[in-house]
Amino acid sequence: MLTILLSIMIILLLLNFPMMIPLIVAPFVIVLLGYTKFDIDPSIMVGQLVTGIESYQLLCVPLFIFAADIMTAGKTSKRLLDFIGAFIGHIRGGYAVTTAAACSLFGAISGSTQATVVAIGKPMRERLLKVGYKDSSAIALIINASDVALLIPPSIGLIMYGLVAGVSIGELFIAGIIPGLIVFLAFTIYSVIYARVKNIPLTDKATWKQRWFAFRKALLPLGFPILVIGGIYIGWFSATEAAGISVLYALILEVVIFRSVHIKQIPKIALSTGLVTSAVFILVAGGQVFTYLVNLERIPQLLSEAVLGTDPSSTYVLLVVTLFFFIGCMFVDPIVVILVLTPIFLPIAEQVGIDPIHLGIIITFQAALGSATPPFGVDIFTASAVFNKPYMEVIKGTPPYILIMVFISILLIFFPQLSLAML
């Protein structure tokens with residue numbers, strides 16, 4: 001059954017159907033043509049589509065996307081860039097470190113790698129080129145640093161995993177902080193070494209007056225991740241409530257205080273959010289149908305016996321999970337990979353005693369890594385479109401960052417406390 005299911009999905013993808021179509025159509029074809037061991041009423045499959053999107057926690061997805069869209073349309077990213085650049089822009093490699101820091105901070109606002117590439121990438125690429133970086137190096141840094149957005153809350157990837165796995169999204173948000181900071185620190189060290197080796201020129205040092213001015217302008221945007229992460233960590237509100245508060249905060253900042261977004265623009269921004277949200281929700285509904293059929297056919301158990309053997313260790317399971325998700329996200333959108341593969345590997349992981357929160361961080365980390373990895377990482381094509389650069393030039397500078405991310409992946413596998421320390 002699994003072979004037929006995957007074959008139908010691959011054929012539909014080769015016919016250029018968007019991923020949501022194979023994800024929904026393939027399970028229905030399997031049921032309608034009787035390729036299952038069970039006599040399933042098609043109406044049950046329709047019911048599963050609805051079940052997939054009826055979770056209360058899903059409300060946080062459009063709300064976080066809406067908040068990010070409002071801030072992207074406004075001045076938030078520029079204020080963050082000016083603030084970080086004022087303090088570290090003058091050191092060797094300072095603008096590269098500024099890029100990594102800004103991507104991390106904006107990731108804590110948007111939760112989306114692609115939104116971070118657009119919001120931070122455009123202004124920072126110009127600054128990096130101006131101080132002596134090659135275009136391929138600048139773009140590689142931007143698309144890889146943007147991947148931190150999938151680890152630092154409010155990550156859409158963590159939300160999707162939490163929904164599929166049935167674990168606390170708030171706890172996943174907290175667990176993603178340390179891995180996200182490790183990635184930022186690793187990229188910072190590499191950026192400083194790269195700047196020294198390539199002898200990147202130093203830029204003028206900002207005065208304390210300029211720093212104070214930049215800090216004042218960035219103070220309110222900096223409050224966004226503090227409000228969301230701090231509120232969840234202290235227990236003031238849930239992830240879904242934090243999403244609603246983030247929209248209100250974004251509206252007050254950009255419409256009332258900064259006046260960088262006019263109230264008349266909000267319907268257009270909301271429409272854009274609605275289009276993205278509808279695509280995500282259709283994928284989630286399709287993922288539920290796929291999950292239902294996969295579990296009914298006991299595919300996780302069969303895969304466990306075939307690939308992992310009768311008594312796999314937790315380390316071996318995590319290595320296999322890492323490999324599957326990394327390869328999957330190199331070719332397909334990370335959300336799709338999370339929706340399709342998590343139901344297969346989660347029961348296996350729980351069987352060998354792996355904490356589902358730790359598993360979620362491993363999976364989301366691979367989604368982040370795969371997003372910027374050739375041949376089909378989604379951030380690569382986003383950068384190619386945003387910067388109007390050919391594919392080969394976009395991927396030219398990515399190998400060092402991929403190696404760094406692979407090394408951190410290994411650390412997360414062997415040291416689970418890196419994910420669980422703050423819980």
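Where is asparagine 199 placed? Asparagine 199 sits in the loop between helix H11 (177-197) and helix H12 (208-234); helices here are DSSP runs of H or I with at least four residues, numbered from the N terminus. Its phi is near 55°, a positive value in a residue other than glycine. At 54% relative accessibility, asparagine 199 counts as exposed (over 50% relative accessible area, with buried under 20% and partly exposed in between; 1.4 Å probe, protein chains only).

The model is predicted, so to speak only of what qualifies, local features need pLDDT of at least 70 and side-chain atom pairs pLDDT 80 or more, while totals for chains, interfaces and linings use all residues. Residues are numbered from 1 along each chain as its sequence is written, and side-chain values use heavy atoms, with hydrogens and water left out.

Arginine 259 also has a positive phi, about 55°, without being a glycine. Its loop runs between helix H13 (239-257) and helix H14 (266-296), and at 70% relative accessibility arginine 259 counts as exposed. As for cis peptides, the bond from proline 153 to proline 154 is one, with omega near 5°; proline 154 lies in the loop between helix H8 (135-145) and helix H9 (156-165).

Then there is the inside. A search of the whole structure turns up one cavity of 30 Å³ or more, a cavity being a set of points on a 1 Å grid over the protein atoms alone where a 1.4 Å probe fits but cannot get out. The largest cavity holds about 40 Å³, the volume being the space filled by probe spheres set on the points, which are joined across faces, edges and corners. Its lining residues (an atom within 4 Å of a point) include Gly89, Tyr95, Tyr133 and Pro201.

Definitions and conventions:
1 Å grid on protein atoms, 1.4 Å probe; cavity = no way out; pocket = protein on both sides within 12 Å on 5 of 7 lines; lining within 4 Å. Helix = DSSP H or I, 4+ residues; strand = E, 2+ residues; numbered from the N terminus.
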